[in-house]
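Good morning. I will go through one structure today, starting with the surface and ending in the core.

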Amino acid sequence: MKLAEALLLRADMQKKVASLRERIGKYAVVQEGEVPHEDPSDLLAEANGVLDDLEKLLYRINEANLKNKLKDGRNITQVLAQRDMLIQRHAILQAAISGTTKPPERYGLSEIKWVATLDVSKLQKQSDDLAKRIRELNAAIQETNWRIEIKG
């Protein structure tokens, strides 16, 4: 199985666990004399089975991320950490940019004017540059993920 396929499978398994969690909560209690549409004990057992499989898959994914490298020589784990931090930095810049726009407030005949304390065009340029770096990293990661065969 290719690493990229394992990542798709991981996403499906995580959705399955979320669905099972919701259904367990939904049927954990019913009105006296009623029978739930699904047995929550069966759902719990199914959830535990999916989680066991997910744990094994996550181990294989993490192992592959540590052992395999992108074309530039960095292992995938390093690149994922870098990408996560770029995403956080991008989110902070976007919050800063959003915070600089505030409509004027009117109280009677007077108006309160707000003045940005940050250089929005500079922040936007930084944000655009980060977004580009994130896209490039994602592309490199995807390319690598489709080349890597994982055990299993």
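The accessible surface of the protein chain is about 10,800 Å², and carbon and sulfur atoms account for 55% of that. Areas here come from the Shrake-Rupley method with a 1.4 Å probe, and for residues only the protein chains shown count as cover.

Before going on, a note on the source. This is a predicted model, where local features need pLDDT of at least 70 and side-chain atom pairs count only at pLDDT 80 or more, while totals for chains, interfaces and linings use all residues. Residues are numbered from 1 along each chain as its sequence is written, and side-chain values use heavy atoms, with hydrogens and water left out.

Next, the overall layout. The protein chain has 4 helices and 2 strands, in the order α-α-α-β-β-α along the sequence. These are DSSP runs, numbered from the N terminus: helices are H or I with at least four residues, strands E with at least two. Along the principal axes, the C-alpha atoms fill a box of roughly 65 × 60 × 15 Å.

How much of the chain is buried? Of its 152 residues, 25% are, buried being under 20% relative accessible area (1.4 Å probe, protein chains only).

Now the core. The largest nonpolar core contains 27 residues, and Leu3, Ile148 and Ile150 have the most contacts inside it. Such a core is a set of buried Ala, Val, Leu, Ile, Met, Phe, Trp, Tyr and Cys residues joined through side-chain atoms within 4.5 Å. At least two core residues come from each of α1 (3–27), α2 (40–67), α3 (76–99) and α4 (120–145).

Notes. Buried < 20%, exposed > 50% of the residue type's maximum accessible area, 1.4 Å probe, protein only.
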